Amino acid sequence: QVHLVESGGGSVQAGGSLTLSCAASRSLNDNYCMAWFRQAPGKEREGVAAIHNSGTTEYADSVKGRFTISQDNPKKTLYLQMNSLRPEDTAMYYCAADRPLWGRKCTVIPGAYNSWGRGTQVTVSS
């Protein structure tokens, strides 16, 4: 497993932007997926976006066109740029990492990931 630490969360007004970061304890260059999930109070954890080390991405419909997932070249740091934030985006955001289930594709299903960070809080006010 990989140790992951998220950062960059905070409180913003609706329509604002935030960029989250997730630092991994080691490089993930071999064949890895990294992903962002979020969980709001009273709700189950849901997938936000995922990226394979090759660059292939997957997004939840609710964030397409607003969020962008990316990673650094050594694949040790994961990012989530969030624009046009809405109150419903308020949640604890978690990063995760694991080998892909199928080829180069990465899923946004929480059960597919074994390494998790502790989370960073994002609060969007109206």
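I began with Arg38, which forms a salt bridge with Glu46, their closest N and O atoms lying 2.8 Å apart; I count a salt bridge where a side-chain nitrogen of Lys or Arg is within 4 Å of a carboxyl oxygen of Asp or Glu. The model is a predicted one, in which local features need pLDDT of at least 70 and side-chain atom pairs count only at pLDDT 80 or more, while totals for chains, interfaces and linings use all residues. Residues are numbered from 1 along each chain as its sequence is written, and side-chain values use heavy atoms, with hydrogens and water left out.

I then looked up accessibility, taking buried as under 20% relative accessible area, exposed as over 50% and partly exposed as in between (1.4 Å probe, protein chains only). Arg38 is buried at 5%, whereas Glu46 is partly exposed at 37%.

Which other residue does Arg38 form a salt bridge with? I found Asp89, with the closest N and O atoms 2.9 Å apart. Arg38 lies in strand E4 and Asp89 in the loop between E8 and E9, so this pair ties together parts that are 51 residues apart in sequence; strands here are DSSP runs of at least two residues, numbered from the N terminus. Asp89 is itself buried, at 0% relative accessibility.

I noted 4 salt bridges in the structure. One of them joins Lys64 and Asp61 at 3.1 Å, N to O; Lys64 is partly exposed at 49%, and Asp61 is exposed at 64%. Through shared partners, salt bridges link Arg38, Glu46, Arg66 and Asp89 into one network.

Turning to the nonpolar cores (buried Ala, Val, Leu, Ile, Met, Phe, Trp, Tyr and Cys residues joined through side-chain atoms within 4.5 Å), I saw that the largest has 30 residues, and that Trp36, Leu80, Met82 and Tyr93 have the most contacts inside it. Among the strands that each supply at least two residues of this core are E4 (33-39), E8 (77-82), E9 (91-98) and E11 (120-125). Another core, of 8 residues, lies apart from it and includes Ala50, Ala96, Cys106 and Ala112.

Strand E2 (residues 10-13) runs parallel to E11 and is joined to it by 4 bridges, with Val12 having Val124 as its bridge partner; I treat two strands as paired if DSSP finds at least two bridges between them. E9 pairs with E11 in the antiparallel sense over 3 bridges, and Met92 stands opposite Gln121.
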